[in-house]
Amino acid sequence: MKDPYQVLGVPETATDEEIKKAYRDLARKYHPDNYHDNPLADLAQEKMKDINAAYEQITRERGGRGSGNGSYGGSYGAGGTAYQRQQYSSQSSSGSSVLQQVRLAINSGNLSRAEALLANYADHNAEWNFLKGAVCYRRGWMDEAKRYYQTACQLDPGNAEYRSALDFMENAGQTAYRPNGGTFGTEFCGGNPCLTLCCLYTLCNGGGYFFCC
Amino acid sequence: MYGYVRPPLGELPQEERDRFQRAYCGLCHTLGRRYGLAARFILNYDFTYLAILLAEGEEGPTGESRCPASPIRGRSYRQGDGAAALAADESVILAYWQLRDGVADHDWLHGLKYRGVSQILEPAYRKAAQARPGYDEAVRSQLGVLARLETERCPSMDRAADAFAVLLERGADEVDDPVRRRVLGQMLYHLGRWVYLTDAADDLQKDAKTGNYNPVALRFHLWDGQWTPESRREFAETLDHSIRMIATAYELWDFGCWSPILQATIYSGLFQVGKAVLDGTFRPRVRSLERNKQELRDST
């Protein structure tokens, strides 16, 4: 059994408020929404379980003082309820059994099989584009993933699943976890006064410039 | 490896800057100890990050000594361990194959400097390849894939970036802990993707002039090397998504004493460098040299 205080990263002397704050920050970090379709989502889910168990244990030990009062309800994303959302349902909207098999292959992490099935499927409908995007995303081919999601949304504008996948890609700046509430995004960061400082240790050669000149 | 991954030193306390310097000097010492003086010249920030990522959470013992770069005043450095040796070996293999790539990419005259340096590095490379045959094979094969894609002028920037990203990802293969291996593999993959795409963006104007292969120009049809607001937004978005994957992976492992450096680099340094590249301010030094050359040409 892990020490619940250690899991939440707070001392045993922490106040209820401090514990709640630490819990909320960790829950935000490891929330299934932050690991949507992420190849490491299972590890995040484990973390989330530990955090929820630790928070529940502490609040129980402290006589329930911290629970329920505006907290995340103690089981934030626990037990896989929220996680379910990122598993593709085996019901595909097109009803094609091949595309259902693609969903199953993606869910089980067998991307090569999913790709092979998609390659042999002639009807490039909205579902096909969406699943193609999902395979690209899991491979880390973010540009192509987004373009397939876009096509899926164009072909079936009313589909909430396709729309949410595209929104996730387009709004990383708003949805991504960042420590201390800073901004997240290349176009959102301020100037770069530090870049000159970064050459402080350029000693033996051109630093990073060795290969590019 | 192009020197784009660097710590935002301005945002780090002195203690962390010193730690980064000890990691940098530590890798240099490990390279020197294992491969001799010549190998120390491959040292750069990217390899330092590789060493930091592969390191255990504790910094371990440090030493202090003078070196060719700091002959009067000694500098403290992180003493090597098994992870440092792995980082040094992989750095030598990467550096060597990138130099060979430089030889292949240039005509005889312009390939001379690459040929010269790669020959100096050859004995170190042979030793490193013997120590890490799997990684040597991975780098060789991935650079082969990349060369083919360049020859074919592959229009998919994801595919081209993937060839380089996998090359870095494989650097985590020898990590024992399966969870740590997955986390590092994911971080290195997207770090590689980010580096490759950032480098292509940085070369847009140069490649527009020379006609060299540039997957970003092909993807967004930037034939004059200039961004349109729409293409720039899309490109920044895809970079951000890789950074998001690096960040979400980073949060799943405890990097111990290296956490402040890594956190600042991931959540701030990469964005700053990416923005500077998009704004065209990343290499004022290189551009100012080019301006001088232009002025010289204009005046004659």
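The second largest pocket of this predicted model holds about 1,000 Å³ of space, where a pocket is, on a 1 Å grid over the protein atoms alone, an open set of points at which a 1.4 Å probe fits, with protein on both sides within 12 Å along at least five of seven lines, and where a volume is the space filled by probe spheres set on the points, which are joined across faces, edges and corners. Its lining has 29 residues, and those closest to the centre are A:V7, A:L26, A:Y30, A:K47 and B:E251; a lining residue has an atom within 4 Å of a point. At least two lining residues come from each of α1 (4-8), α2 (16-30) and α3 (41-61) of chain A and α12 (259-279) of chain B, and α2(A) gives the most, with six residues. Helices here are DSSP runs of H or I with at least four residues, numbered from the N terminus.

Two contact surfaces can be described by residue class, with Ala, Val, Leu, Ile, Met, Phe, Trp, Tyr, Cys and Pro counted as nonpolar, Asp, Glu, Lys and Arg as charged, and the others, Gly among them, as polar.

In chain A, the axes of helix α7 (residues 142-155) and helix α8 (residues 160-170) come within 9 Å and cross at roughly 145°, the axes being lines fitted to C-alpha atoms over the stretch in contact, with angles from 0 to 180 degrees between N-to-C directions. The residues of α7(A) that meet α8(A), with heavy atoms within 4.5 Å, include A:M142, A:Y149 and A:C153, and their partners in α8(A) include A:Y162, A:L166 and A:M169. By class, this contact has nine nonpolar, one polar and three charged residues, while the pocket lining has 14 nonpolar, five polar and ten charged residues.

Confidence is given by pLDDT, the predictor's score for each residue from 0 to 100, and the model as a whole scores ipTM 0.85 and pTM 0.87.

| Chain | Mean pLDDT | Residues with pLDDT of at least 70 |
|---|---|---|
| Chain A | 79 | 73% |
| Chain B | 86 | 93% |

Within chain A, helix α9 (residues 172-175) has the lowest confidence, at a mean of 78, and α7(A) the highest, at 96. Residues 66-75 of chain A stay under 50, yet the model has 20 contacts for them beyond four places in sequence.

Residues are numbered from 1 along each chain as its sequence is written, and chains are lettered from A and ligands numbered from 1 in the order in which they are written. Local features need pLDDT of at least 70 and side-chain atom pairs 80 or more, whereas totals for chains, interfaces and linings use all residues, and side-chain values use heavy atoms, with hydrogens and water left out.
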